[in-house]
Structures are given as structure tokens and as C-alpha cells.
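Hello,

Here is the structure for your files, followed by notes on what was found in it.

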Amino acid sequence: MKASYRWLRALVPGLTASPAELAARFTSAGLEVEGMSTYGEASPSCVVAKVTGKRAHPTKSGLTLVTVDRGSSAPLEVVCGAPNVPEPGGLVVLAPLGATLPAKGVTIERRTIAGTVSEGMLCSESELGLTDSGEGILILTEGSGEPGTPLATGVPATNDTIFEIGLTPNRPDGLGHIGLAREAAALYGLPWSPPDPDAPGRAIEGRVDSYLKVEVRDAERCPHYGAAVVVDVKIGPSPAWLRYRLASLGVRAISNVVDVTNLVLLEYGHPMHAFDLELVRGGRIIVRRATAGEALALLDGTKVALDPDDLVIADAEGPVALAGVMGGAS
């Protein structure tokens, strides 16, 4: 189980123990912390910068000369090959001279690129070790800090300590951050209560079973399956803080709807899956064993041959998810 120190601190506001201290306490209580790692190692040495000017490189096509304000120091000119440099006023991430980018294995030095001196580097999410996305530089939103602010301070989600916890079968509460937060509060004698979930902005009209029926055919493996309907959903990318939280815990961001179900899984330790109601054939969700010869294309692009021992979530025409493991591509 991977757990975020920053998330646990948010769930237990009075928790002031350092990552090392909390790891030792968890281990002594039977939640063995087998390792710790830093997410966003480059974040403390990189800073928020404001673009104050940009122009095409005089001799090399595809390169842009970008002038940035990094706070109290004099403005810098940086050579950038990304196609998405914002207009003046936009906020970017600058790796100044001397900064280290562990994801690239480099320390930033003054470089001459196509005859022009570059006084630093504008970074992408992959270069910062945040996600695998390397398509252009990271453009920050307003409110990410004044120029010169360390990225780890301006955008705290870009820097975290991740615990690798070895769980024993008697501690399923450790499968989610809510259970780990409860344990941390108990260990340090701190007040704690689980956060209240936010309700959807608009309730549906009528009962859920007027939209679809849920049928559990294997009550031994799945004693209960709950469904909720949310309407007027716009599919799109998740906000940066959510993508970074998932990435820090080893989960790939896909879309806002998929990502929020994974966030709740990591929070409560309980699997969730989102379906497009219009694509649920026959208006039925059926929890059952797979039948011989059935196959399922999964979200990660793989296609698996199902075994009669596999528990699946199906609609009226076939499997749409491998229960508790991964959703189907459809």
C-alpha cells in the first residue's frame, strides 16, 4: 500500500510528526513501513516564474527565446523548445542554474544553444518527475505563487513523501488513507473525524432503479453492490492537484470521472467504477462469475480471457469490468 504523507497531514490537521517519525510509529503499531520515497524531488529547487517576453530564435526554427521574471533577481532569458510557451503574464516552472532534475539525471548549467546563452530551463511535468507527460512545459494557474516562489511551496501537491506499507491480513483498514489517518490520530492522541463527502450539485429525478437495475448473482463474493446516478457530467482532464496525487501513488490519470473514482479508492480502500449510463446495455448491472470463452478489453489496453472463477461486473450483454480490479475499455 502506498500512502501520501501530505494527504495524511490534511486528514489529521494536528499531525506534526515528520515522515520518519510517523513511519516509525506506524511500524511499531503493526503497519510496517517498508520504504519511503520522495515524489517531485525537483520541486524544492525549481521556482515559479512569470513570462515577460518571448520571441523566435534568430537562427534556429522551433526554438523560442523566453524572458522570465524569477522574483527579486534580474530577469533571465531561457532557450525553450516547447511549442506551448504562454504569452507574457503566464506562469511557468523555471529550473534555475544549479537546480537538479533527478528525473533527467542532470544539474542545470548555463548553456549555449544555437549561439544563444540559456540561463536555466523551463520544465515539463515529466522533467519535474510529476507525471509521464512530456508534451510541452508545465503552465501554472494563477495563485501558484509569486515569481521566485519554490514550486514545492507554490504548488504543494508537487512535493510529497510516499510510504510503502506492508499490510497484514488483519489490517484492511490500512488499505485507505481514511484508515491510516484514524490510526495516526490514535497513535498521537489527536482528535479526528472522517471528512464529510460532498454531494453532487444536482440530484437526479426519481429513484436509481428507474434508471437501471442492479442484480447480484454471486452474493458470496459480493454481498452488496451499490449504484448511484450522476447527471450533467462533463468529461475532461482532472485538475493538476488530483493528477499529481494519483501519480504520486502510482495511479495513471485518465479523465476527471475515472480519476475521482480512483481517488475515493485510495481514500477509503473501496473499489469504485464509473459507467456511462447510455452505454450500459439493457439498463442492467449484473455481478456474476464469468462464463467460459468470455473476454474483456481492459482500461489499460490489454485484453484478457476470462476464467469461470473470475468475478465480473456485466451489463445485459456481457462483462464490462473485472470486479474490484479494473474497468473495461468500453
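Helices (H or I, at least four residues) and strands (E, at least two) are DSSP runs, numbered from the N terminus. This is a predicted model, in which local features need pLDDT of at least 70, side-chain atom pairs count only at pLDDT 80 or more, and totals for chains, interfaces and linings use all residues. Residues are numbered from 1 along each chain as its sequence is written, and side-chain values use heavy atoms, with hydrogens and water left out.

Isoleucine 235 lies in the loop between β14 (213-216) and α5 (240-248). Its relative accessible area is 58%, so isoleucine 235 is exposed (buried means under 20%, exposed over 50%, partly exposed in between; 1.4 Å probe, protein chains only).

Arginine 252 sits in the loop between α5 and α6 (256-268). With a relative accessible area of 53%, arginine 252 is exposed too. Apart from neighbours within four places in sequence, arginine 252 is in contact (heavy atoms within 4.5 Å) with Asp259, Leu299 and Asp300.

Strand β18 (residues 311-314) is covered on both faces: Leu311 and Ile313 are buried on one side, Val312 and Ala314 on the other. Strands pair if DSSP finds at least two bridges between them. β18 runs antiparallel to β15 (residues 284-289), with four bridges joining the two; isoleucine 313 is the bridge partner of valine 287. β18 also pairs with β19 (residues 319-322) in the antiparallel sense, over three bridges, and valine 312 stands opposite leucine 322 there. A hairpin of four residues connects β18 to β19.

Regards
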